[in-house]
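Please keep the sequence and the structure at hand while reading.

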Amino acid sequence: MHCISAFMLWLALHFPQLPLEAFTASSYIAGGQTAQIVLAQNRVHLANAAAISAGIVPGCSLATAHSIEPSLEHFRRDPNREATELQKLAESLYCFSSLVSLAPPDSIVLEIHGSLKLYTQADLLIATKELCQKLGFTCLVGTATTATAAITLARSQSRQLNDVALSHCGLEHQHIKHQVIEQLANMGLHTLGALLSLPRGEVAQRFGKELVFYLDKLEGKRREPRKAIQPAETFERKLHLLQPIANKQHLFEGPMSKLSLELQQWLIGHQLGCEKLTWRFVEHSTNASTLHVRFTQGKQHQLELLSVSQLQLDQATLPADVLSVELKLTSSTPWSAQSKDFFSATQDANSSGQNIGELVDALSARLGPQACQQIHDDSQHTPEHAWRFQAVLQPTRSTTVKPQTQASRPLWLLPRPHPVNAAELQLLQGPERIQSEWWLNSEARDYYIAQHSSGALCWVYCPCTIFNEPQSHEFYLHGYFA
């Protein structure tokens with residue numbers, strides 16, 4: 001629990017269309033052209049702009065609404081669904097503040113005093129509002145030194161709680177019970193300013209202490225403890241589509257885009273990078289398609305998560321009609337921002353190109369995880385057994401890859417050493433004695449760097465005994481230097 005202090009600044013986000021957008025945002029049904037309404041007690045509770053422009057108003061029956069607009073889409077209000085979406089929004093906003101609190105049924109507040117070290121207040125308002133809009137929710141914002149006042153400003157779209165603003169701030173936009181608003185209206189009180197001008201003792205006698213407590217919190221006269229959310233420790237989201245989707249591009253632009261944005265915000269809030277994620281496209285319980293997407297380095301940004309996912313999606317076989325889409329983070333790593341040196345930062349943007357990790361991710365997504373392989377070292381002294389190929393995106397037995405940096409060892413080893421004529425070699429450096437697995441009576445070898453008559457710089461050895469005596473003067477070619 002957290003209490004207000006003189007140094008707190010609250011940002012409130014109010015979602016006036018939450019009862020409707022809890023359906024349309026989750027299912028990614030575009031609500032700009034189709035008339036859509038939400039019903040409560042068999043009456044229109046909320047309508048989108050298309051329904052209102054057609055003449056449908058809150059309070060009318062479903063039959064009346066359908067007679068006005070036959071193609072109308074309607075949903076029955078679901079408070080549990082609204083609460084779930086509000087929680088998801090709060091977790092997505094966690095990257096902007098460590099103190100995010102729910103203000104049911106349709107608002108969220110963030111304590112942003114500390115966040116102003118990273119953002120200006122104007123940038124913070126724009127960033128949070130744009131994020132909510134990308135997630136499919138209409139958002140109104142307001143800031144104040146108390147959470148209740150910030151919510152009031154967001155609801156009424158007033159800039160500050162002064163006498164002028166309060167005189168125009170209607171009671172229907174506040175956390176005041178409907179029956180109390182009706183009683184106040186019968187007394188000729190229709191604005192928050194008029195209500196605040198009344199003696200608190202008389203307000204308590206007539207309307208109860210709950211209303212007085214609300215007014216005191218609004219003015220900062222009462223301490224206001226708020227419970228901060230605790231973001232989920234794992235990320236696993238599912239979108240149930242109200243209409244089946246058969247087109248991959250619609251899946252990519254709709255549900256996959258929304259879920260990947262939610263994952264991006266979760267990763268930023270937890271300071272993690274995504275190494276592996278799993279998509280699941282479900283038609284019904286027994287017919288589903290799964291995509292496992294891997295990255296060579298931890299990723300956070302939505303576009304990076306989607307680019308590789310799309311490559312695998314293009315080649316995947318999906319159910320005929322996808323009814324739900326699931327996204328699960330299956331592997332993550334602590335996030336560390338990639339630094340750039342001065343010279344790379346000053347290069348022309350067009351010549352910067354694609355980094356090797358992105359190229360490997362793209363090739364592996366198109367050609368399969370075995371398409372790109374990397375050399376890994378093994379704890380063996382015998383050169384031909386000291387390294388192996390392994391897919392880049394597979395877990396390795398050693399935590400780090402030790403590149404061969406010594407000039408005395410070639411990058412290219414032959415699968416098997418083969419005899420070479422000593423007359424064709426000019427020994428330049430050596431010998432270097434290499435012997436391993438003595439308990440298996442393996443031979444010792446004296447390695448040389450030599451110049452071949454063809455001009456190639458090569459790595460050759462001469463077998464010898466364990467008493468440093470050469471077995472013969474035969475040389476074997478084992479590799480070439482680049």
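S67 has its place in helix 3, which spans residues 62-68; helices here are DSSP runs of H or I with at least four residues, strands are runs of E with at least two, and both are numbered from the N terminus. With a relative accessibility of 56%, S67 counts as exposed, where exposed means over 50% relative accessible area, buried means under 20%, and partly exposed lies in between, using a 1.4 Å probe and protein chains only. From C-alpha to C-alpha, S67 is 9.8 Å from I56, and the two are 11 residues apart in sequence. The model is a predicted one, in which local features need pLDDT of at least 70 and side-chain atom pairs count only at pLDDT 80 or more, while totals for chains, interfaces and linings use all residues. Residues are numbered from 1 along each chain as its sequence is written, and side-chain values use heavy atoms, with hydrogens and water left out.

Once its neighbours within four places in sequence are set aside, V44 is in contact (heavy atoms within 4.5 Å) with I37, V38, L39, I56, V57, P58, G59, C60, S61 and A65.

Helix 6 is mostly covered, since 10 of its 10 residues are buried. These buried residues are A147, T148, A149, A150, I151, T152, L153, A154, R155 and S156. The elements that cover them include strand 1 (10-14), strand 5 (100-103), strand 6 (107-111), strand 7 (140-144), helix 9 (192-196) and helix 11. Just after helix 6, Q157 takes a positive phi of about 55°.

How do two packed helices get described? The description uses the angle between their axes and the distance between the axes. Helix 6 (residues 147-156) and helix 11 (residues 209-218) pack at an angle of about 90°, and their axes are 7 Å apart; axes are lines fitted to C-alpha atoms, for helices over the stretch in contact, and angles run from 0 to 180 degrees between N-to-C directions. Helix 6 is therefore roughly perpendicular to helix 11, a term for angles of 65 to 115 degrees, whereas angles under 35 count as roughly parallel, those over 145 as roughly antiparallel and the rest as oblique. Where the two helices meet, T148, A149 and T152 belong to helix 6, and Y214, K217 and L218 belong to helix 11.

## Salt bridges

The structure holds 15 salt bridges, each defined as a side-chain nitrogen of Lys or Arg within 4 Å of a carboxyl oxygen of Asp or Glu. In one of them, E219 pairs with R200, the closest N and O atoms being 2.7 Å apart. E219 lies in the loop between helix 11 and strand 8 (236-245) and R200 lies in helix 10 (residues 200-207), so the pair ties together parts that are 19 residues apart in sequence. E219 counts as partly exposed at 37% relative accessibility. K221 also forms a salt bridge with E219, with the closest N and O atoms 3.1 Å apart, and K221 counts as exposed at 61% relative accessibility.

Another salt bridge joins R280 to E326, the closest N and O atoms being 3.4 Å apart. This pair links distant parts of the chain, with R280 in strand 9 (residues 272-284) and E326 in strand 11 (residues 322-334), 46 residues apart. R280 counts as partly exposed at 29% relative accessibility, whereas E326 is buried, with a relative accessible area of 15%. Salt bridges that share partners also join R200, D216, E219, K221 and R222 into one network.

## A nonpolar surface patch

I356, L359 and L363 form a nonpolar patch on the surface, with about 260 Å² of accessible area together. Patches are made of residues with over 30% relative accessible area and no salt bridge, with like charges joined within 9 Å and nonpolar side chains (Val, Leu, Ile, Met, Phe, Trp, Tyr) within 5 Å. L363 has its place in helix 15 (residues 356-367) and counts as partly exposed at 34% relative accessibility.

## The chain as a whole

The secondary structure of the protein comes to 15 helices and 18 strands, and 43% of its 482 residues are buried. The protein exposes about 26,300 Å², of which carbon and sulfur atoms supply 52%; accessible areas come from the Shrake-Rupley method with a 1.4 Å probe, and for residues only the protein chains shown count as cover. Of the contacts with a separation of 6 or more, 61% are between residues 24 or more positions apart.
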